[in-house]
Amino acid sequence: MKKIICETYEEMSAVAAFTIAVQVQVKADSVIGFATGSTPLGTYKKLRELYASKFVSFSAITAFNLDEYYPIKRDNPQSYYYFMWENLFRHVDIKPPQINIPDGSAVDPEMECADYDAKLMAAGGTDLQILGIGNNGHIGFNEPNEKLELMTNLVKLAPDTIEANSRFFDNISDVPAQAITMGMGGIFNSKHILLLINGEGKAEITKKIFDGTVTATVPASLLNLHPNVTVIMDKQAAGLICD
Ligand code: F6R
């Protein structure tokens with residue numbers, strides 16, 4: 001995995017945003033995999049700026065989001081659908097029919113997962129997949145386990161994920177217990193994976209993905225097996241690894 005260590009979160013976000021923008025400049029109809037959470041907020045802010053300055057247009061891209069809580073309605077401000085519209089989509093020229101986010105209100109979640117995979121496969125997988133990492137090493141909501149799922153699936157969130165994500169909710173009991181997530185196969189079927197990591201709190205898990213081993217108990221460690229992964233970190237996240 002290629003490492004880029006940045007001085008600050010702002011610098012890391014700019015490097016990530018330019019990487020995405022250049023991908024879209026080179027291939028206007030790129031399929032981009034988007035992530036939510038705190039980590040990519042700076043990247044999406046910079047992408048909005050790059051769009052406003054006419055550096056990039058998203059008019060021909062197709063978007064696939066990694067995951068969505070289940071159950072949750074799209075108009076719930078905690079939904080990832082809402083997050084993506086607030087932080088990126090409503091500010092740029094992406095075409096709404098080209099946006100794919102698992103439907104957290106689907107009556108039949110298994111069918112929703114199968115449909116999502118069919119759309120992802122029909123699009124040929126992603127050209128660029130943005131990822132964050134959970135403190136427990138999850139990517140998407142592929143939680144540490146002895147077995148990992150390849151396909152999009154309905155998962156039970158790990159207790160540490162529920163606790164970590166409770167910061168966005170009034171009460172921990174409001175955090176949905178499940179989510180629909182792209183599986184490891186959907187993530188790996190990307191031509192280029194961009195893993196973003198920031199903050200001292202992620203230093204321990206960052207060390208684990210660079211320790212020379214792979215294990216399903218640290219799902220992000222499997223990224224070592226993908227031929228084209230770029231990890232963009234700030235100095236704090238990279239604090240326990242050798243450059
Ligand atoms: C979000 C996602 C998650 C987050 C991870 C880190 O779509 O798939 O894997 O990337 O939980 O979240 P933050 O960035 O909030 O620390």
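1. The model discussed here is predicted. Its largest nonpolar core comprises 56 residues, and the residues with the most contacts inside this core are Phe34, Leu47 and Phe89. Helix H1, which spans residues 9-26, supplies the largest share of this core, namely 6 residues. Apart from this core lies another, of 10 residues, which includes Ile72, Phe141, Ile162 and Val175.

2. Not counting residues up to four places away in sequence, leucine 47 touches Ala17, Ile20, Ala21, Phe58 and Leu88.

3. Serine 13 also belongs to helix H1. Is serine 13 buried or exposed? Serine 13 has a relative accessibility of 2% and therefore counts as buried, since the cut-off for that class is under 20%. When neighbours within four places in sequence are left aside, serine 13 is in contact with Gly42, Thr43 and Lys46.

4. The model contains an open sheet of 7 strands, with parallel pairing and the order S1-S10-S9-S6-S2-S3-S5. The edges are formed by strand S1 (2-6) and strand S5 (99-100). Each of these has a single partner strand, so one side of each is left without a neighbour in the sheet. Strands of a sheet pair through backbone hydrogen bonds.

5. Strand S9 (residues 190-197) pairs in the parallel sense with strand S10 (residues 229-234) over 5 bridges. Within this pair, leucine 194 stands opposite threonine 230 of S10, and leucine 196 stands opposite isoleucine 232 of S10. Strand S6 (residues 126-131) likewise pairs with S9 in the parallel sense, over 5 bridges; here glutamine 129 stands opposite isoleucine 193 of S9.

6. Why is S9 described as largely enclosed by the rest of the structure? The reason is that 7 of the 8 residues of S9 are buried.

7. The largest pocket has a volume of about 440 Å³. Its lining consists of 24 residues, of which Ile133, Gly134, His138, Asn165 and Lys202 are the closest to the pocket centre. By residue class, the lining of the largest pocket divides into 13 polar, 7 nonpolar and 4 charged residues. Helix H5 (residues 159-165) contributes the largest share of this lining, with 4 residues.

Definitions and conventions:
Residues numbered from 1 in each chain as written. Predicted model: local features only at pLDDT ≥ 70, side-chain atom pairs only at ≥ 80, totals over all residues. Heavy atoms only, no water. 1 Å grid on protein atoms, 1.4 Å probe; cavity = no way out; pocket = protein on both sides within 12 Å on 5 of 7 lines; lining within 4 Å. Points joined across faces, edges and corners; volume = space filled by probe spheres on them. Helix = DSSP H or I, 4+ residues; strand = E, 2+ residues; numbered from the N terminus. Nonpolar A, V, L, I, M, F, W, Y, C, P; charged D, E, K, R; others polar. Core = buried A, V, L, I, M, F, W, Y, C linked by side-chain atoms within 4.5 Å. Buried < 20%, exposed > 50% of the residue type's maximum accessible area, 1.4 Å probe, protein only. Contact = heavy atoms within 4.5 Å. Pairing = 2+ DSSP bridges.
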